[in-house]
Amino acid sequence: MMAAVALAVLVTMALAVFRSIKGPTVYDRILAVNAFGTLTVVLISVYGFLSERPEFLDLALVYTLINFIGTIAVSKYVEFSHMGRPSGGDELGDI
Amino acid sequence: MGFMAVIGFAVARLRNLFAVVMLTGIFSLTAAVLYVILDAVDVAFTEAAVGAGISTVLMLGTLALTSSEERVESSGGSKWALLLVVATGCVLVYGTLDMPPFGDPTAAIHHHVAPYYLEKSGQEIGLPNVVTSVLASYRGYDTLGEVFVIFTAAIGVLLIIGRPKFGRRRTHRMLVGELSNSMRNNVILRVVSKLLIPFILLFALYVQWHGDFGPGGGFQAGVIFAAGFILYALIFDIDTARTMIPASITRLFLALGVLLYAGVGVAGFVLGGNFLEYSVLAADPVSGQHLGILLVELGVGMTVAAAMISIFFTFARQEH
Amino acid sequence: MDMVLEILSWGLLFIGSGFLLIGGIGIVRLPDVFTRMHAGGMIDTLGAGAVLAGLMIQGGFSIVTVKLALIIAFIWFTGPTATHALARAALHGGVKPRLDQSPEGDEPSKT
């Protein structure tokens, strides 16, 4: 029964991967990766349940946050073509 | 695993580097799921945090500095190269056929050190998470080497691209136009990030200390901690973020972590044992081990977090 | 009482999987980037939420439930926000939403 849920998640992941390879614009790909991340979280949680190991939930939690940060980073990169162009004042660079 | 094959193929073939970066993110995710299925939670943890998150962000930083299309070098598609690669692949696969099946109890790897660690870890160290006990205590010297590697990588990045070129003195103040260019005026993102960042940092601390009992430990905690700061830098101005965590602090923590780890090792032989022997650190050996592992993991966490933060900021501050 | 909880959790799991699949099909089949974001959002909130809620009920009341509740809360916070950031980026990047009914819409900016 739970295997059916896992199967559904896997099928959806395949659909997301399809969109990420095909997506004509970059935003399609970002969307697909974001959805894939959430699906991974669900898959890990379901799998943790199936194998009676609650430690996997820590992993799922971490990945939720990392997925968010990654999507924001990519969106910012695409929107502004940079990740944080400095705006002056600091002459010593970053060292 | 079919996923990984398809994605790997697509990564090699696509010319658009941005799509490639996205696909490597998905690739790392499928690797993490694979590790989960293989019951290696700590590895999956690190793979998800580093491979799918930080690596994608850093690769994007690189893309921002270079072009986003791969320059097609038409080398003619040498047939001999393909043949050689296929032949090597076949030889490798043939080599693995001789390996004992996965999980085979008679395999050599399960006979010498591994059962010793698994059996003795309970008595000698007394931590539920054997991965941590192996990583930080039994193989502590290797882990010290790993921390040094991360430290060196961060220093390498700082040395190579940390300083602007001569003559590029940026003396103009931030233009008003720049202000609207940043994500500063994006209320939704700002509010949500302000809510999330404390949780992320708290979670990093939880992973750091809980690594003794569940999956986690210094490496993962350092990455998550850095991710919190990276989120802040992404949403708000990078200069604002830099004032929050100035370069001197990251440099300090970068070195401090390694110093702490090596210091625990030195304390080991000052107190009468060997280098990195934790048993002599406290009254009885087991608490000594606990204390040693605690301090050592803290050192790892500090260095990893500082390294990730400095590498990200170094990448992001470059001009085109 | 147990029976009710069982049925509830399996119901949630089924509904959640259904929404996941619908969202996935949506991501592939819908015509425009912005419409696909709707489908993606469905995966994030309804799909993941229902599946994880079903798991929560299955797990009884323990630390597992709390962690799953945390995961759901984070997904509900971060999913729509990420979609928002993405839509903003797409709009600023020049992608025009398909407003007309003709088969070919405006050309989105290709990357």
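**Note on the predicted model: core, helix packing and the B–C contact**

1. In this predicted model, the largest nonpolar core has 146 residues, of which Ala48(B), Ile224(B) and Ala227(B) touch the most other members. A nonpolar core here is a set of buried Ala, Val, Leu, Ile, Met, Phe, Trp, Tyr and Cys residues joined through C-beta atoms within 7 Å. Buried means that 20 or more other C-beta atoms lie within 10 Å of the residue's own, with C-beta atoms placed from the backbone. Local features need pLDDT of at least 70, side-chain atom pairs count only at pLDDT 80 or more, and totals for chains, interfaces and linings use all residues. Residues are numbered from 1 along each chain as its sequence is written, and chains are lettered from A in the order in which they are written.

2. Leaving out residues up to four places away in sequence, Ala227(B) touches Leu65(A), Ile66(A) and Ile69(A), and also Gly53(B), Ile54(B) and Ile200(B). Contact requires C-beta atoms, placed from the backbone, within 7 Å.

3. Helix α6 (residues 130-138) of chain B has Thr132(B), Ser133(B), Leu135(B), Ala136(B) and Ser137(B) buried. Their cover includes α5 (113-124), α7 (140-161) and α13 (285-316) of chain B. Helices are DSSP runs (H or I, at least four residues), numbered from the N terminus.

4. In chain C, helices α2 (residues 33-58) and α3 (residues 63-92) pack at about 175°, axes 9 Å apart. Axes are lines fitted to C-alpha atoms over the stretch in contact, and angles run from 0 to 180 degrees between N-to-C directions. The pair is therefore roughly antiparallel (over 145 degrees).

5. Seven residues of chain B are in contact with five of chain C. Helix α9 (residues 187-210) of chain B supplies the largest share of the chain B side, five residues.

Conventions
Helix = DSSP H or I, 4+ residues; strand = E, 2+ residues; numbered from the N terminus. Parallel < 35°, antiparallel > 145°, perpendicular 65-115°, else oblique. Contact = placed C-beta atoms within 7 Å. Buried ≥ 20, exposed ≤ 12 C-beta atoms within 10 Å, placed from the backbone.
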